[in-house]
Amino acid sequence: METMPGSEGIPPEGSDAGEEFTSLAGRLLVAMPGMLDPNFSRTVVLMVEHSQEGAVGLVLNRPTQADLLDHLPGWWSAAVNPRVVFVGGPVGEGGGIGLARGAGSAPLEGWPEVLGVRAVDLESVPEPDSGLEARVFTGYSGWGPGQLESELSSNGWFVVDALPDDVFTPAPEQLWEEVLRRAGGRYAWFSTYPADPRMN
């Protein structure tokens, strides 16, 4: 992924190539303002898995217009607002992945739990009034060995702490600014960066 000129010299946390490997699972990748890849521009990605073999995450702030009532009606009542399908990333688009917290769903095999939030089997419909909170994604974000580390060293991403509520935010369109503002310091300054600098 490319970044806009001028972003050099702002090393993301955990990007030092000399450091011992540290997994980012359970943390957020927040796209730098100059991210040119349209799949990830101004995105917030929850890292679900990260090892030296690669990484997997889900974009949390790309809602679609696809109402769950039309696509997965059994999950509509468990889903939090907005009750639509989210784009989790460009890999495996068309396949569904659910994230949930609370009782009343079967975990999806092979997907680890992070922040008390687990991937769930969308074929296993939750019981009504189970108290489950869920969000449904199509596709996910994936990186091969060393790919994410290269993007971090090229100033493609900020790395910030995640909260479980980030997954279920009722205002996903504000999440990019919110998590940067919450992180404080230089991150908060970037939260004011306009989506299109030419309009500033």
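Biologist: Is F190 buried or exposed?
Modeller: F190 is buried, with a relative accessible area of 9%. By that scale, buried means under 20% relative accessible area, exposed over 50% and partly exposed in between, with a 1.4 Å probe and protein chains only.

Biologist: Good. What should I keep in mind about this model?
Modeller: This is a predicted model, where local features need pLDDT of at least 70 and side-chain atom pairs count only at pLDDT 80 or more, while totals for chains, interfaces and linings use all residues. Residues are numbered from 1 along each chain as its sequence is written, and side-chain values use heavy atoms, with hydrogens and water left out.

Biologist: On to rings, then. How many aromatic pairs are there in the whole structure?
Modeller: The search finds 8 aromatic pairs. Rings of Phe, Tyr and Trp (its six-membered ring) pair if their centres lie within 6.5 Å; planes under 30 degrees apart count as stacked, over 60 as edge-to-face and the rest as tilted.

Biologist: Why is the pair of F158 and Y187 called edge-to-face?
Modeller: The planes of F158 and Y187 are at 80 degrees, with the ring centres 5.2 Å apart, so this pair is edge-to-face.

Biologist: And where in the chain do F158 and Y187 sit?
Modeller: F158 is in strand β9 (residues 157–161) and Y187 is in helix α6 (residues 185–190), so the pair links distant parts of the chain, 29 residues apart. Helices (H or I, at least four residues) and strands (E, at least two) are DSSP runs here, numbered from the N terminus. F158 is buried at a relative accessible area of 0%, and Y187 is buried too, at 11%.

Biologist: What about W189 and F190?
Modeller: Those two form an edge-to-face pair as well, at 5.0 Å centre to centre and 90 degrees between the planes. W189 is exposed, with a relative accessible area of 58%, whereas F190 is buried. Ring pairs link F158, Y187, W189 and F190 into a cluster.

Biologist: Let's talk about helix α5. Which of its residues are buried?
Modeller: In α5 (residues 175–183), the buried ones are L175, W176, V179 and L180. They cover an arc of only 125 degrees around the axis, so they lie on the same side of α5. That arc is taken from the directions from the helix axis to the C-beta atoms.

Biologist: What covers them?
Modeller: The cover includes β1 (27–31), β2 (44–51), β9, α4 (164–167) and α6. Just after α5, G184 takes a positive phi of about 75 degrees.

Biologist: Back to β9. How many of its residues are buried?
Modeller: β9 is mostly covered, with 4 of its 5 residues buried. It is joined to β1 by 5 bridges, and the two strands run antiparallel. L29 stands opposite V159 in β9. Strands count as paired if DSSP finds at least two bridges between them.

Biologist: How do β5 and β8 run?
Modeller: Strand β5 and strand β8 (residues 133–143) run parallel, joined by 3 bridges. F86 stands opposite F137 in β8. On the β4 side, 2 bridges join β4 (residues 63–67) to β5 (residues 84–87), and these run antiparallel.

Biologist: Where does P33 lie?
Modeller: P33 is in the loop between β1 and β2, and it is buried, at a relative accessible area of 14%. Not counting residues up to four places away in sequence, P33 touches F158, W176, F190 and Y193; contact means heavy atoms within 4.5 Å. The C-alpha atoms of P33 and F190 are separated by 7.5 Å, although these residues are 157 apart along the chain.

Biologist: And T43, buried or exposed?
Modeller: T43 is buried, with a relative accessible area of 0%, and lies in the loop between β1 and β2. Its contacts beyond four places away in sequence include L29, W157 and W176.

Biologist: Last one: how many helices and strands does the protein have?
Modeller: The secondary structure comes to 6 helices and 9 strands. Buried residues make up 44% of the 200 residues.
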